[in-house]
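Here is my note on the model you sent over. Have the structure open while you read, and go through the points in order.

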Amino acid sequence: MRQFLTVIAFSLFVISFFAGFSNFGIPQIEPAPPPVAEKLDLGAMTMEQFVALGEKVIDGKGTCKLCHNNLGRAPMLDQLGANVPKRLADPEYKGKAKDFQGYLEESMTLTSAYVVPGFGKKGTNDKESPMPDVTSGAISLSKAEFAAVIAYLQESSGVEITVEIPTDAGGTAADAGGGGEVREALTSADDIIAEFGCGACHIIGENAGDIGPDLSKVGARSDREYLRRSLLNPNADIAKGFEPDTMPADLGGKMYASEIEVVLDYLAGLK
């Protein structure tokens, strides 16, 4: 009996020691909440600063250069001054824009009004664009950010800047920080996939993106930990035939922990 009690006491000591060490000896990692938007002082902003904000959005929050680059995934943006008039005059153009600004506004929201030949979704004969509406979903540009992007594209194309700095937009900066409301966590995999625009790059559900790997049966070839790593650190494992830095590195950081688990459950079940 004495030996039994000794074993019990030693076991309790070991359990207590490791429990204490795990709670107090190991630094606790607490994920930060998704970034909230920083208020902009639009009334004090010069047009030069507004154009700089547009460039910042394109390079960051807008994720524009993931596709608009020399890899040929989407049309380059450095020849818009010459190309926009041609596109507006193209018989295939189905939009309502009459000028450069109108075309840019339309191309970022009603993205299939005109699809540049060769850049449409596969199987649509260039009738449907893979580009999402940048004012909703994962990108969700504010009115100020949207206008700033147009100002930057006009300036960089050598076209007169016709957009005005909004004064009542409730503007938000492209980077995180400051005040603003935190969105509610989503609970449906379909809603999360739509919110973060996964279908723009991947074959998943009813979406047929072709920029990233086909996820329609990803659960049959990848375990949950691989999927988690791919979401939180996209460059850790690059699928064969794809380039690094294609998937936004901060995508996982924009999701709530609960949303990540919902997506992982969904992906693991695709077999």
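The points below start with the whole chain and then turn to its salt bridges.

1. Before anything else, keep in mind that this is a predicted model. Every number in this note was computed from it.

2. Start with the overall build. The protein has eight helices and four strands. If you walk along the sequence, they come in the pattern α-β-α-α-α-α-β-α-β-β-α-α.

3. Next, how much of the chain is tucked away? Of the 271 residues in the protein, 35% are buried. As for the surface, the protein exposes about 16100 Å², and carbon and sulfur atoms supply 56% of that area.

4. Now for who touches whom. Take the contacts in the protein with a separation of 6 or more: residues 24 or more positions apart account for 61% of them.

5. On to charged pairs. How many salt bridges does a search of the whole structure find? The search turns up nine. I'll pick out a few for you to look at.

6. Find Arg224 and Asp265, which form a salt bridge with their closest N and O atoms 2.6 Å apart. Arg224 sits in helix α7 (residues 224-232) and Asp265 in helix α8 (residues 257-268), so this pair ties together parts that are 41 residues apart in sequence. Are these two residues buried, exposed or something in between? Arg224 is partly exposed, at 27% relative accessibility, and Asp265 is partly exposed too, at 46%.

7. Another one to check is Arg229 with Asp237, whose side chains meet in a salt bridge at 2.6 Å, N to O. Arg229 has a relative accessibility of 36%, so it counts as partly exposed. Asp237 falls in that class as well, with 27%.

8. Last, look at Asp59 and Lys65. Their side chains form a salt bridge, with 2.9 Å from N to O. What is the relative accessible area of Asp59? It is 47%, which makes Asp59 partly exposed. Lys65 is partly exposed as well, with a relative accessible area of 45%.

Notes: Residues are numbered from 1 along each chain as its sequence is written. This is a predicted model: local features need pLDDT of at least 70, side-chain atom pairs count only at pLDDT 80 or more; totals for chains, interfaces and linings use all residues. Side-chain values use heavy atoms; hydrogens and water are left out. Helices (H or I, at least four residues) and strands (E, at least two) are DSSP runs, numbered from the N terminus. Buried means under 20% relative accessible area, exposed over 50%, partly exposed in between (1.4 Å probe, protein chains only). Contact means heavy atoms within 4.5 Å. Accessible areas come from the Shrake-Rupley method with a 1.4 Å probe; for residues, only the protein chains shown count as cover. A salt bridge is a side-chain nitrogen of Lys or Arg within 4 Å of a carboxyl oxygen of Asp or Glu.
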